[in-house]
Amino acid sequence: MTVSLALEPGPVPPVRNWARRPSLISIVLPVFREAEGILHFGETLIGVLNDLGLPYELIFVEDDSPDRSFEQLRELHRRHPAVVRAMSLSRRFGHQASLAAGFDEARGEVVICMDSDMQHPPHLVPFLLWQWSLGHQLVYTRRRKQEGRSPLKEFASQCFYRAINYLSEVHLEDGTADFRLMDRVVVDALRRFGERWLFYRGLVQWAGYRRVAVWYDAPPRFAGTSSYTWKRMFRLGADALFTFSLFPLRLSYALGASALVLTLFYAIFTFVRWAIGSGEAPGYTSLVLLVSALSGLNLICLGIVGEYVGRIHEQVKHRPLYLVKERIGFESCRERATAA
């Protein structure tokens, strides 16, 4: 288990005093239903990065959002053509696939991934970069609290982290999300994973590397509503469990063994009752209950096995994680790189 130090964000020294400075910063930004606030977020982030005076690129990955998010990204690119690039996926592939698409296009020596709803504060970016300059290969964030989040969702999040830590081979710290800085070495390592069910919070923990955590308080969304419904949260939790744990399989044969033992005791009990002549063996009701219980247990175990087999089936198809239907700004980027 990798243990890391958790820091409180503080003043950042001038860039000229840093031990090292990145040649290029790539920021990967998944977008879904952010039409109302994406321009504000983009301008805020660009202002923070311009103050640093370091070269950077913003890579927005729009996950086939049904609103006008991509039109707003066009406008942002028109205002800042040198640093803003955007792609639109052919359909909704999910948040983790959007991150993978951004990582494939990122050229920076360091890569930062964050949400574009202002709940991952742009003003923390300089502090993350400064920690990288001190030698950390992975600088990730831990949310202390989130304004506007319901107590029920907060409780569900805590239960998820406790459950996954108990049941899986990785240890996830409470409050972590996909807001982190990664060295080029870490990004290249993550791109080697060929898993279809990506869960980057677990993968970066599994991968190791020199790391440090940064605490932050998440503000409320600037605009719109969260796209993380209970259904999607449950699906993400299931992906984490089945990706990093064999506990469900082990639970199925443990349940099967327990049912076998209970059935054996029940058979001995029935035989003893018959042998001592204390009455007839329990009849129809007991038989129906026993058969129903064992049948239900058998179907549950079969469903667990089927979940793993289904994931294997999807994995061996080797379908792409995402497809892109439109790009903005990448052509000029490649042209400049070729000219250089």
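Modeller: Here is a walk through the ring pairs, then their surroundings. Keep in mind that this is a predicted model. A pair of aromatic rings is described by the distance of the centres and the angle of the planes. The count here comes to three aromatic pairs. Take Phe103 and Tyr200, one of them. Their centres lie 5.3 Å apart, with 75° between the planes, and the pair is edge-to-face. Phe103 belongs to helix H3 (residues 95-105), and Tyr200 to helix H7. The two are 97 residues apart, so this pair links distant parts of the chain. Both Phe103 and Tyr200 are buried.

Now turn to Phe179 and Tyr216. Their ring centres are 5.8 Å apart and their planes stand at 85°, so this pair is edge-to-face too. Phe179 sits in strand S7, while Tyr216 sits in strand S8 (residues 211-218). They are 37 residues apart, and they also link distant parts of the chain. Phe179 and Tyr216 are buried.

Tyr216 leads us to Arg142, which touches it. Arg142 lies in strand S6 (residues 138-146). Why does Arg142 count as buried? Its relative accessible area is 14%, and the cut-off for buried is under 20%. Other contacts of Arg142 include Glu173, Asp174, Thr176 and Trp215.

Thr176 takes us to the largest cavity, as one of the lining residues nearest its centre. This cavity holds about 90 Å³ of space. Its lining has 11 residues. Strand S7 (176-183) and helix H7 (200-207) each give two or more of them.

Key:
Residues numbered from 1 in each chain as written. Predicted model: local features only at pLDDT ≥ 70, side-chain atom pairs only at ≥ 80, totals over all residues. Heavy atoms only, no water. Helix = DSSP H or I, 4+ residues; strand = E, 2+ residues; numbered from the N terminus. Buried < 20%, exposed > 50% of the residue type's maximum accessible area, 1.4 Å probe, protein only. Contact = heavy atoms within 4.5 Å. 1 Å grid on protein atoms, 1.4 Å probe; cavity = no way out; pocket = protein on both sides within 12 Å on 5 of 7 lines; lining within 4 Å. Points joined across faces, edges and corners; volume = space filled by probe spheres on them. Phe/Tyr/Trp six-rings, centres within 6.5 Å; stacked < 30°, edge-to-face > 60°. Lists of a residue's contacts leave out its neighbours within four places in sequence.
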